[in-house]
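The following exercises concern the packing of secondary-structure elements and are each followed by a worked solution. Please work through them with the structure at hand.

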Amino acid sequence: MVGVALETTALSLVLLAAATVMPALLPCSAELPRFERPAKADGSLSLLVVGDWGRKGQFNQSQMGKIGEEMDIDLVISTGDNFYDNGLKDVRDKAFEESFTNVYTAKSLQKQWYSVLGNHDYRGDVLAELSPLLQKIDSRWLCLRSFILNAEIVDFFFVDTTPFVESYWTNPENDHYDWRDVAPRETYISDLLKDLNAALEASTAPWKIVVGHHTMRSASHHGDTAELLSLLLPILKANGVDLYINGHDHCLQHISSNDSKIQYLTSGGGSMAWRGVFTPTSDKLRFFYDGQGFMSLQLTRTAADIVFYDVFGHVLHEWSASKHLHPAVLIEVSGTTDTKYWAGFGLLGRFNANQLGNAIKHRAASRRLHTECGRTLLSFSRTSPYLGLLAFRPNPERTPLRFGSPPRPLPCFGVSDDMTAQVTREWTGIQQFPAATQNKLHELLGKLKQENVSTLTILVMGKGGVGKSSTVNSILGERVASVSAFQSEGLRPIMCSRTRAGFTLNIIDTPGLVEGGYVNEQAIEIIKRFLLNKTIDVLLYVDRLDAYRMDSLDRQVIKAITDTFSKRIWLRSLVVLTHAQLSPPDGLNYDDFFAKRSEALMRYVRLGARIRKQDFEESSIPVVLVENSGRCKTNSGGEKILPDGTPWIPNLVEVITKVIGKGSKPITVDQKLIEGPNPNNRGKFFIPLILAFQYFFVVKGIQRAIEQDIKKERKPLWELRDMGLANRKF
């Protein structure tokens with residue numbers, strides 16, 4: 001009873017203290033405490049997520065401040081295991097300041113922290129970690145067992161997952177768990193699930209996000225949590241939850257549910273990591289990083305952008321999702337020069353051209369903007385938050401269109417959502433590069449023209465999430481391909497064509513070649529059909545420098561490319577390794593790590609492409625480093641550089657020109673290449689030889705054997721008599 005009284009008092013104090021340091025605690029019909037905080041003035045919300053961090057600053061925990069400043073974050077979420085190894089001893093435990101206050105000191109991180117308990121927290125004094133006395137030490141701290149945070153555009157549901165795990169109760173080994181105010185387990189879990197379900201059903205927020213410590217789905221050390229899958233997951237699915245965010249496994253992961261819209265996001269790399277465990281999961285694994293890092297989340301009413309970072313703030317993985325809007329209505333869009341525009345748009349409102357352009361530019365969804373014959377074409381994918389955007393063109397009559405007006409015919413104008421239309425534009429993106437980069441690119445293009453190469457077509461292929469689209473955008477100096485490695489990729493390649501001083505550059509971006517842990521044959525077929533009658537000058541095979549493992553799937557991907565284009569494609573190829581500004585694992589310097597990563601990848605290329613080693617050495621495939629991140633270091637001339645100081649964009653283009661100059665022929669994709677060899681023609685030249693062999697060595701032999709048997713046969717007298725030969729002697 002004393003424990004219950006203390007907990008009740010503690011909870012009341014937490015709620016009272018929270019009211020003084022943040023927006024008011026709201027009354028709620030359910031049992032879960034509910035807090036409210038506003039979104040930004042523009043309706044957005046930005047936050048960081050980190051978990052499993054409480055080790056007194058060890059293992060690189062303090063590098064989140066820069067990202068928090070860039071994003072202007074509103075809050076931080078902790079996914080539990082806040083204090084290692086055994087929680088807090090009491091409210092006076094110095095571990096609170098040593099692991100929290102003294103570590104996360106950046107100005108941008110002086111926002112409210114919303115925390116859940118992890119299993120290591122339950123091994124200490126749980127009531128101490130929940131105590132409002134900690135807020136007197138650091139006002140940022142807010143930790144409850146389970147609660148709700150309303151932030152206008154999103155409802156966060158924080159769930160106490162540790163009591164769900166039965167083994168903590170039945171087989172704690174040498175650990176002690178503080179089950180005060182939790183036991184009996186069945187009653188606690190039943191009440192929690194009932195309250196959570198009621199709160200989820202009542203929620204009207206555009207986004208519903210559940211936060212817990214334990215994994216729902218995981219490919220790492222702890223794997224799936226069976227109790228959460230059987231007890232909690234059905235409630236999440238039934239109520240349309242968008243994201244489940246957790247820690248527990250000391251890594252970063254993104255897994256998509258196969259039978260619902262839920263995305264499972266693990267941010268448990270706050271301190272000690274590198275467990276070296278990977279187990280395939282039954283759902284779709286989009287991203288896995290067995291290392292330290294954290295996650296960011298940016299939300300608007302219609303879009304969610306998720307980014308995973310390593311401990312140094314380098315982008316590892318990006319993913320975007322959107323909420324579809326209402327059916328399209330017509331609005332008037334006014335230009336900046338009295339020219340009137342109109343558009344079919346899924347939002348009511350009036351925008352000027354700049355506002356519309358900025359809104360479109362802000363979204364990380366599949367889109368393309370190009371101009372032809374003075375007309376403007378906007379092309380969106382089905383996943384775009386601007387699903388209702390139908391068309392956009394100058395209206396020279398300057399006649400405003402009323403809402404609901406039928407669209408006027410658009411002569412010589414087309415809207416395509418398959419992202420495959422090719423329109424050649426002037427390469428204006430090159431002007432965005434520093435002067436030194438521009439000069440080098442012009443020099444390289446000039447050399448190609450001197451060699452009578454006036455058109456260069458580059459095919460970009462690889463697995464999903466490796467940076468193919470980002471590399472395309474970097475080469476062109478403009479955003480032409482959607483960077484959505486972590487949204488479900490469409491199966492449609494896009495071809496971006498740019499001209500400069502009589503030279504035409506075509507870059508073909510393709511979808512990822514892996515789906516559900518297997519090579520996506522459908523994607524391969526669509527790519528082949530798209531490339532029909534096109535000539536491929538260079539293949540860029542893209543992978544990540546920080547992909548620490550190579551497995552049979554890499555070999556299968558390379559084999560699929562070889563089967564599609566033949567071995568000759570590797571004579572016109574180079575390997576591009578993205579995320580070049582990583583920090584190698586402990587004990588390796590950068591050059592050694594790059595050499596080992598390249599060697600491992602080349603070994604799989606040889607195996608997958610079935611290239612003999614001596615042939616491979618005679619025509620080696622170059623490996624080029626790339627860093628597409630906006631935080632890529634620059635030299636004094638403003639050029640983006642690699643860790644060794646090499647400007648990587650002109651270096652990449654220079655290597656491409658060298659590959660072209662090797663003398664091997666480009667790959668022309670014709671119908672024969674698409675359909676592959678006709679099995680009916682396979683070995684047809686051997687048919688006459690086989691028939692001749694059968695006749696002379698089989699049929700003739702059989703005939704001779706039969707004749708010899710006939711000659712040796714002794715016929716009965718009655719048969720000889722009938723033949724008139726009975727009196728003849730033989």
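**Exercise 1.** Determine how helices H11 and H17 are oriented relative to each other.

*Solution.* H11 and H17 are roughly parallel to each other, because angles under 35 degrees count as roughly parallel. The model is predicted, with local features requiring pLDDT of at least 70 and side-chain atom pairs pLDDT 80 or more, while totals for chains, interfaces and linings use all residues. Residues are numbered from 1 along each chain as its sequence is written, and side-chain values use heavy atoms, without hydrogens and water.

Step 1: H11 (residues 435-450) and H17 (residues 648-660) pack at about 10°, their axes 9 Å apart; axes are lines fitted to C-alpha atoms over the stretch in contact, and angles run from 0 to 180 degrees between N-to-C directions. Helices are DSSP runs (H or I, at least four residues), as are strands (E, at least two), numbered from the N terminus.

Step 2: With contact meaning heavy atoms within 4.5 Å, the H11 residues Thr437, Lys440, Leu441, Leu444 and Leu448 meet Ile649, Pro650, Val653, Glu654, Thr657 and Ile660 of H17.

**Exercise 2.** State the strand order of the open sheet and identify its edge strands.

*Solution.* Step 1: The order of the seven strands is S23-S25-S26-S24-S30-S31-S32, with mixed pairing; two strands pair if DSSP finds at least two bridges between them.

Step 2: Strands S23 (424-426) and S32 (623-625) each pair on one side only and are the edges.

Step 3: S24 (residues 455-462) and S30 (residues 538-544) run parallel and are joined by five bridges; Ile458 has Val538 in S30 as its bridge partner.

Notes. Angles under 35 degrees count as roughly parallel, over 145 as roughly antiparallel, 65 to 115 as roughly perpendicular and the rest as oblique.
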